[in-house]
Amino acid sequence: MEMERQETYDIMAVCLLAGKIMLQSGAETYRVEDTMMRIAASFGAHQSHPYVTPTGILFSVEGNEPTKTKLIRIIERTTDLEKVASVNGISRKISAGEYTIEEAYKELKKISESGSPYSLWVHVLAAAISSGCFLIMFQGSWGDFFPAFVTGGLGFLSLLYFHQLVPIKFFSEFSASLLIGLQALFFVSTGIGGELDKIIIGSVMPLVPGLLITNAVRDLMAGHLISGLAKGADAFLTAFAIGAGIAVTFSFF
Amino acid sequence: MTIIEQLLTSFIASAAFVIIFNGPKRSLFHCGLVGMVGWIFYFLLEANGVDMVLATVIAAFSIAIASQYFAKKYKTPVIIYSVAGIIPLVPGGIAYNAMRNFVQNDYNLAINLAAKAFMISGSIAIGLVFSEVINQIIRKSKLKTIVNKSQ
């Protein structure tokens with residue numbers, strides 16, 4: 001009896017850790033729930049109910065004894081697709097019976113503690129390059145490529161910096177987009193850049209909450225109403241912060 | 001010439017976005033391809049006078065098909081590919097213009113643009129979901145034929 005109870009708790013710990021990593025890394029709600037149920041089922045807990053929202057996971061497992069329920073809070077959410085893919089791979093291996101509960105927990109712990117596969121400067125460079133490319137995609141001229149490259153890269157770097165300084169998303173996004181607006185204004189007024197609008201749109205793209213918006217609508221359509229609305233609110237807040245930052249720049253001239 | 005330029009920049013932009021989102025290194029190339037396919041559909045349709053919303057739905061649909069193909073082939077979550085693909089379609093430019101008009105007190109035009117941005121983000125989601133539904137229908141109907149055969 002005692003053994004069985006302990007095992008149920010162990011299964012729950014593995015499921016919750018997997019769910020937590022996935023949710024924090026930006027996976028869709030249905031994927032988190034599905035993965036947790038699959039892991040539980042392959043360890044022998046066939047009756048489980050995960051309830052996933054962007055800010056917390058409730059998980060209960062039914063067995064012979066009274067139902068056990070656990071809750072964990074999710075505070076920080078980022079986008080880390082590598083982790084989503086790794087947890088997905090581990091869940092596949094668990095389903096195939098390749099891991100015991102303990103091994104699975106150790107593997108998941110390793111993923112949760114691993115850092116980003118790219119260094120900070122690779123991130124900034126990627127943001128800079130994508131800003132330049134977006135400028136061309138939105139029919140900008142090649143002469144504006146360099147201003148957008150610099151503005152986008154510095155804008156993204158400042159987003160990371162401000163977020164470290166004050167861990168409030170709205171503030172860091174607002175400051176970063178304000179900085180982008182000012183840089184674009186500087187480039188245009190010195191004659192290095194041509195079209196102000198195109199430069200700003202291109203450089204703002206790395207901040208745009210594209211993943212959040214689509215995840216929000218998909219969650220809503222899949223029936224996860226609370227997650228959908230919460231993610232929609234998150235996306236709206238980000239869009240508003242970016243817009244407000246740019247708007248302040250426009251009020252300068 | 002414009003087409004080549006668009007193909008190249010959309011490929012690079014989508015792949016760079018996957019780096020920003022910490023995507024797995026081995027899927028960078030495929031993500032770039034997915035983004036390129038989606039953007040070129042959108043670009044060509046829009047250049048030929050198709051309505052923006054419809055062009056977005058078709059582009060999102062093609063992105064979802066390509067993503068599902070890669071996801072199945074490389075056993076990775078479909079979201080990695082679809083995110084890379086939809087980023088170029090996100091109506092950043094329109095939302096920006098809406099905001100700009102709000103600030104310049106031209107509310108009529110601003111609301112107009114904001115509604116358009118909302119429509120386009122909705123149509124991205126519809127394109128993705130629609131293709132997922134079709135995929136599920138195909139999978140289920142295949143399952144049925146297998147079940148029927150085994151009986």
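Modeller: Let's start with how strands are read: two strands pair if DSSP finds at least two bridges between them. Helices (H or I, at least four residues) and strands (E, at least two) are DSSP runs, numbered from the N terminus. The model here is predicted, so local features need pLDDT of at least 70 and side-chain atom pairs count only at pLDDT 80 or more, while totals for chains, interfaces and linings use all residues. Residues are numbered from 1 along each chain as its sequence is written, with chains lettered from A and ligands numbered from 1 in the order in which they are written.

Colleague: Happy to begin there. What do strand 1 and strand 2 of chain A form?

Modeller: They make a hairpin with 2 residues between them. Strand 1 (residues 47-53) runs antiparallel to strand 2 of chain A, and 7 bridges join the two.

Colleague: And how many bridges join strand 2 of chain A to strand 3?

Modeller: There are 6, again in an antiparallel arrangement, with strand 3 covering residues 68-73. A hairpin of 5 residues links strand 2 of chain A to strand 3 of chain A. A:L58 is a handy landmark: A:Y51 stands opposite A:L58, and in strand 3 of chain A its bridge partner is A:L71.

Colleague: Zooming out, what pattern does chain A follow along the sequence?

Modeller: The order is α-α-β-β-β-α-α-α-α-α-α-α-α, from 10 helices and 3 strands. The C-alpha trace of chain A spans about 75 × 30 × 30 Å along its principal axes, and buried residues make up 51% of its 253 residues.

Colleague: Let's pick one helix. Is helix 3 of chain A mostly covered or uncovered?

Modeller: It is mostly covered, with 11 of its 15 residues buried; among them are A:L81, A:V84, A:V87 and A:I94. Helix 3 of chain A reaches 21 Å from first C-alpha to last, close to the expected 21 Å. Just after this helix, A:G97 takes a positive phi of about 80°.

Colleague: How many residues does each chain bring to the contact between A and B?

Modeller: Residues are in contact if their C-beta atoms, placed from the backbone, lie within 7 Å. Chain A gives 43 residues and chain B gives 38. Several helices of chain A supply at least two residues each to the side touching chain B, including helix 3 (81-95) and helix 10 (225-250). Helix 5 of chain A has the largest share, 10 residues.

Colleague: Finally, where does UniProt list a transmembrane region in chain A?

Modeller: The unreviewed entry lists residues 118-139, 145-162, 174-193 and 229-252. Such annotations may be inferred rather than shown by experiment. In the model, residues 118-139 of chain A are 82% helix and 0% strand, with end C-alpha atoms 30 Å apart. Residues 174-193 of chain A are 80% helix and 0% strand, with ends 23 Å apart.

Terms used: Two residues are in contact if their C-beta atoms, placed from the backbone, lie within 7 Å. The expected span of a helix is 1.5 Å times one less than its number of residues. A residue is buried if 20 or more other C-beta atoms lie within 10 Å of its own, exposed if 12 or fewer, and partly exposed in between; C-beta atoms are placed from the backbone.
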